[in-house]
Amino acid sequence: MRISRRHMLQAGVLGTSLSLSNFLRLQAEEGKPDSGRSAILVFLGGGPAHQDTFDLKPKAPSEYRGLFSPIQTAVPGVEICEHMPRLAKRADQYALIRGITHSLADHGLGTRYVMTGNLPTPVVDYPMFGSIVSHEYPSKQDLPSFVSIDRPVEGPGYLGAEYGPLSTGEKPRFGQPFRVRGITLDDGLTVQKYNLRRRLRDDIDTAFKGYESLDDAVRGLNRFSEQAYQIISSTRSRNAFDLSLETDREVDRFGRHEFGQSAMLATRLIEAGVRFVTVLLEGWDTHQDNFNTLGRELLPSFDQSLSAMLDRLGERGLLESTSILVTGEFGRTPKINGNAGRDHWSRAMCALLAGGAVRPGQVIGSTNDKAEGPVGTGFSPDDLAATFLQNIGVDPKKEFAANVGRPITVIRNGSPIPGALS
Amino acid sequence: MTRINLVNSRVQFLRLPGFVLRLSIFAIITLIVANGFAEPLPPASQRFADSDVTETPDFQKHVVPLLGRLGCNGRSCHGSFQGRGDLRLSLFGYDFQMDHNSLTAKSPSEQTLRLLVKQPDESLVLQKPLMQVEHEGGERFAVDSWQHRLLRRWIESGAAGVDEPQQLDRLEVEPAEVVFDDSASPVSLRVVAVWGNDQREDVTPLCRFRTNDDSVASVDADGLIMSAGSGDTHVIVFYDNGVASVPVLRPYRSVPASSPKTVSTADVSPQSPIDGFVIKKLGKLSITPSAVCSDSEFLRRVSIDLTGTLPEPREVEGFLADTNLNKRDHKIDELLQRPAYAAWWANKLCDFTGCNPSQQAELGQETSVQWYMWVYERIRENVAYDDIVRRIILAKGRDEGQSYDDYSAEVSSYFREQSPTDFAQRTTMPHYWTRRSMQKPDAAAQAFAHNFLGIRLQCAECHKHPFAPWTQDDFREFSRFFETVKFGVEPQSIERYRELASQVGLSVRDNNGAAVNNDVFKQVQRGRMVPWRELYISSRNEPTTLSLLRSGKVTLQQNDDPRKPIMKWMDEPSNPWFAQAFVNRVWASYFNVGIVDPPDDLNPANPPSNPALLEWLVDEFVQHDFDMKWLHRQIVSSDTYQRSWVPNNTNREDRRNFSRAVPRRLPAEVVYDGVKQAVAASDKADDVRSDLSRRAIGHLSMRLAGTYAMQVFGKPDRAVNCDCERVNQPTLLQAIFLQNDPLVDQRLEDSGWLAQIDGQIAAGTAPTGESLVKEAWLRTLSRVPQPDELARGVKCLAEAESATQGLRDLLWALINTKEFVLIR
């Protein structure tokens with residue numbers, strides 16, 4: 001099996017003939033310039049109805065256009081759903097991409113496609129964005145570089161388990177203590193107690209004494225154990241996840257609902273230095289009662305939380321260094337079904353991009369009069385992925401020495417959407 | 001026109017004893033005189049060096065390889081999918097027709113033919129690599145060099161292509177093996193191509209070379225090998241369709257002995273043939289293997305590797321106290337009898353065959369558990385490996401002669417709540433083929449080759465495999481075998497299917513049938529018979545003759561089961577992959593690497609580190625009728641398996657030749673079960689270990705798939721065809737998990753053992769601190785604590801709020817040691 005030092009470096013693989021100390025030394029020598037960008041991915045799980053959110057068709061026949069009306073945004077000529085007034089006012093802070101299209105109308109496959117930017121195949125396990133970023137730009141020593149709120153959305157694929165997210169394990173809920181799986185010290189376990197246990201552990205963990213540098217497995221365990229300790233015991237991590245440190249004003253700005261609290265945590269984590277945060281907002285799979293669900297529950301909370309996120313990042317001067325993508329796995333059927341709902345539809349969907357080098361205040365792409373499909377060729381999830389990654393400072397054409405014996409281009413078939421980034 | 005051939009690409013070098021050599025020299029001279037049998041043609045670098053060369057280069061033998069050597073048709077240049085600068089060539093030159101067309105065509109950007117026969121020097125094909133016109137790839141050769149002359153000669157002689165590709169028989173590389181001495185002077189390779197018509201040519205300047213480990217040796221473009229460090233690897237040679245590998249070794253220098261005890265090779269008497277082969281290879285590297293490991297290390301290691309289970313405390317004490325000289329062998333036999341052995345290895349066979357709930361055709365959890373249990377029963381019965389495979393590969397939904405109704409009734413009975421039929425009693429296991437991921441023939445072909453042959457065909461889906469002989473044709477033909485393997489409703493049964501479906505309210509859109517939905521499933525559970533789709537073989541339109549991965553041709557009649565000839569071929573002793581893939585994967589399960597590594601990529605550019613060892617093991621496995629227990633026993637009873645992890649002064653750097661045990665992380669399932677086991681109450685301990693329905697290595701294996709703990713520790717989803725999916729390296733999330741995950745906390749809090757001790761303390765019958773500490777060590781690390789460890793443990797108990805609380809802290813500390821999570 002071909003092993004060149006350079007490839008091992010790129011793959012970040014332990015347990016090979018390249019020793020860890022050599023790996024770390026080479027990594028230092030490589031001197032990878034850090035883009036300084038972080039990222040937030042807001043995943044609207046279930047597939048949000050594009051024609052009822054960001055791509056309304058008021059002139060379509062009633063069985064297509066649905067019950068919502070569009071409203072003017074801060075950008076002349078751009079309209080979005082009436083149930084997102086706050087986002088409408090902030091349209092000059094983000095770009096909308098309409099007419100994204102693919103053919104995988106299944107939750108699993110669609111999610112995998114959109115989150116990895118590569119058509120799913122049983123041959124290669126493509127990594128999702130956060131794993132790529134955490135591979136390229138690791139975080140500070142006492143903070144995980146990649147966090148998912150709450151469940152991971154797709155995994156690290158060929159990059160290896162090391163680049164999976166720290167998943168919070170549960171969603172933050174207003175009024176309840178928030179426990180982060182693995183970070184929070186649980187009932188009764190104080191930092192002192194934890195330190196005591198660690199000291200005990202150090203005293204008895206002597207089996208490999210004198211041979212710490214011998215093998216990658218041993219070295220890896222030492223390194224990660226130390227890093228885990230720093231994350232669990234340090235105030236930086238614990239504070240980053242401690243929502244009780246937020247003022248009431250902030251809590252109310254984001255909203256006391258699930259979306260709001262998750263968005264607030266994500267923003268907080270970016271401020272602390274986490275490089276990539278995924279926020280899973282669920283409930284968009286509206287096969288029935290689409291309009292009540294969207295109009296009464298989902299859109300108002302979504303509107304409030306995303307606006308608060310944009311505002312706060314802007315206020316703290318972080319919008320320029322934070323790349324934001326908001327999307328789901330597909331759109332929904334143009335014709336309303338018998339249950340006042342819409343079903344899966346991958347031929348048309350949309351996404352929202354903000355922060356970083358995104359040129360805000362515009363719409364790129366469009367769909368036909370019934371929002372059935374793109375006008376022209378539209379954009380693929382590959383293109384969307386390439387745009388997002390480029391905005392984080394990762395070259396979408398970069399090649400990784402994957403664990404399948406050949407180099408793999410990060411986004412092989414997509415290119416950044418023209419005009420999206422400056 | 002693509003290549004059609006090449007099978008044999010071994011390194012050849014004849015070594016003959018003296019008199020035979022003299023005799024054969026005489027014979028050779030006679031032959032030369034008699035038959036014109038020639039010494040190999042001198043290299044092209046000589047033959048095309050002069051300006052007045054008259055020889056016409058051959059497109060296949062000279063021009064295309066030269067383009068490979070110069071890097072023109074590599075991945076990053078003209079060989080990439082988009083080509084480069086509007087010239088596209090086939091990757092490493094596998095497609096003569098395409099390359100010839102490209103080279104003789106007009107360049108769209110330059111608006112001129114790429115080569116001009118009448119004015120060769122005006123050809124872009126020369127001007128570009130000479131940098132006479134702008135060329136992103138830079139200067140590839142100098143004016144009047146032999147490369148220049150060769151290409152110029154080819155153009156001016158008419159730039160002919162290839163009508164009928166010649167067959168390369170083999171590559172002969174000298175030397176056949178490189179062993180660096182202390183001087184470590186570079187070694188040049190000489191490569192002779194032997195063609196089907198016995199023509200021989202020195203092709204050294206037309207080859208591509210690459211090293212498999214540049215920390216051991218590097219090789220330059222001309223085939224000059226330079227030593228970079230001690231150890232061993234291979235240099236791979238590529239020419240035309242041929243791939244040859246040259247072992248390159250440099251013995252380790254002994255570090256001055258700091259410890260008095262060094263075992264010399266002479267002292268080490270091989271225990272088994274395995275040891276013989278390993279020690280022979282180690283001798284070449286001046287490596288002495290480490291001594292054999294201690295009893296407690298052995299017991300823990302072999303229990304985990306054979307049964308996926310930590311040994312329990314009484315067992316450890318018993319084994320350590322046993323004075324029988326053959327106790328290790330007895331323990332091995334005993335472990336092979338345990339149900340946990342079958343459970344663990346059923347798990348591994350499910351890894352190798354891809355049992356994944358989310359890929360199943362329907363009822364993912366239920367069918368994947370059925371798959372697992374079926375394999376488990378076969379291993380319990382010690383059914384031969386090839387037999388298990390046969391019963392998976394040749395499976396059909398129905399038994400021979402079974403009616404559709406009877407079939408549906410049987411399948412329905414697997415799921416009914418009242419005395420269900422046991423799926424595991426079936427002769428065959430159809431779920432391998434019915435997965436959604438196997439419905440397309442080319443997906444099935446890739447999966448099949450990976451699962452049972454250990455080869456990666458996927459490269460050949462789009463272009464010729466860069467370093468194995470597989471062409472796109474090979475891939476296409478192999479895929480076509482699987483065209484008639486179907487999952488759905490047989491045409492003759494569709495009427496009956498629809499009838500039954502309407503009776504139970506199952507709506508069916510087309511003639512392929514439908515998955516059983518929730519409502520229908522509820523009826524099944526109540527005992528109702530419902531219609532099911534089945535695995536069957538459909539008919540071909542006409543007889544078809546297909547090439548079976550270059551082993552020969554197979555003619556399939558209209559109604560033939562295409563899997564039968566494949567299974568027959570796999571069973572033949574001459575099949576190069578079937579037994580080898582399995583034997584090597586099993587070996588890789590016991591060590592840090594396989595003899596071929598990675599184990600699912602058997603190809604000529606990935607040679608075994610010890611070919612004699614692998615060959616012997618494979619031959620014997622086949623001789624022993626694919627008896628898996630034989631294989632396991634053979635491996636784990638060897639000294640090689642039982643080596644200590646502690647290095648000596650000769651083998652610190654060796655991680656490839658099995659001179660010592662390299663510490664490996666516990667598999668995900670074993671960590672999960674191990675923590676549970678460590679905290680279980682004494683009277684429950686046995687149950688916790690042996691009740692497979694509640695163990696991660698057992699029935700829970702499928703249900704736990706995809707859960708956080710399993711993900712973090714790298715249990716594979718089996719969503720892709722790669723052994724690499726199981727992650728054995730430590731990661732940050734694993735450390736966080738063992739230190740602070742709520743699941744681990746909960747197990748410690750709810751520990752039956754600690755509750756038991758609380759009870760004993762209350763009753764005044766608590767064991768001493770020392771005996772508690774000792775028990776904690778036995779439960780987690782499978783050994784007795786050293787005196788200083790014992791003292792530290794006792795101190796911990798004494799200083800805590802209660803002995804129980806102290807013990808809880810101690811258990812936490814123990815499962816967070818490296819020793820717990822490593823197999824050493």
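**Ser659(B)**

I began with the side chain of Ser659(B), which is joined to the side chain of Asp654(B) by a polar contact of 2.7 Å; I note at the outset that this is a predicted model. I then placed the residue in the chain and found Ser659(B) in the loop that runs between helix 23 (628-636) and strand 17 (664-665) of chain B.

Next I listed what Ser659(B) touches, leaving out residues up to four places away in sequence: Leu282(B), Ile287(B), Pro289(B), Ser290(B), Arg643(B), Asn651(B) and Asp654(B). For Ile287(B) I also looked up the separation, and Ser659(B) and Ile287(B) are 372 residues apart in sequence, while their C-alpha atoms are 7.4 Å apart in space.

**Nonpolar cores**

I turned to the largest nonpolar core, which has 251 residues, and asked which of them touch the most other members. They are Phe302(A), Phe478(B), Met570(B) and Leu810(B). From chain A, this core draws at least three residues from each of domain 1 (1-31 + 185-240) and domain 2 (37-182 + 248-409). I also recorded another core lying apart from it, with 49 residues, among them Ala44(B), Val216(B), Val237(B) and Ala244(B).

I followed up Phe478(B), whose contacts, again without residues up to four places away in sequence, are Ala445(B), Phe448(B), Ala449(B), Leu457(B), Ser547(B), Leu548(B), Leu549(B) and Ile566(B). As background for this entry, nonpolar side chains tend to be buried together in soluble globular proteins.

**An open sheet in chain B**

I traced 3 strands of chain B that form an open sheet in the order 5-10-9, with antiparallel pairing. Strand 5 (187-188) and strand 9 (217-219) of chain B each have a single partner strand and stand at the edges, so one side of each is left without a neighbour in the sheet. Looking at one pairing in detail, I found that 3 bridges join strand 9 to strand 10 (residues 224-227) of chain B, and that Ala217(B) has Ser227(B), in strand 10, as its bridge partner.

**Helix 11 of chain B**

Last, I checked helix 11 (residues 339-353) of chain B, whose 15 residues reach 21 Å from the first C-alpha to the last, close to the 21 Å expected at 1.5 Å a residue. The helix is mostly covered, with 14 of its 15 residues buried. Just after helix 11, I noted that Gly354(B) takes a positive phi of about 85 degrees.

Conventions: Residues numbered from 1 in each chain as written. Chains lettered and ligands numbered in written order. Predicted model: local features only at pLDDT ≥ 70, side-chain atom pairs only at ≥ 80, totals over all residues. Heavy atoms only, no water. Helix = DSSP H or I, 4+ residues; strand = E, 2+ residues; numbered from the N terminus. Expected span 1.5 Å × (residues − 1). Buried < 20%, exposed > 50% of the residue type's maximum accessible area, 1.4 Å probe, protein only. Pairing = 2+ DSSP bridges. Core = buried A, V, L, I, M, F, W, Y, C linked by side-chain atoms within 4.5 Å. Domains from an automatic or database assignment. Contact = heavy atoms within 4.5 Å. Polar contact = N/O pair within 3.5 Å; in protein donor to acceptor, adjacent residues only side chain to side chain.
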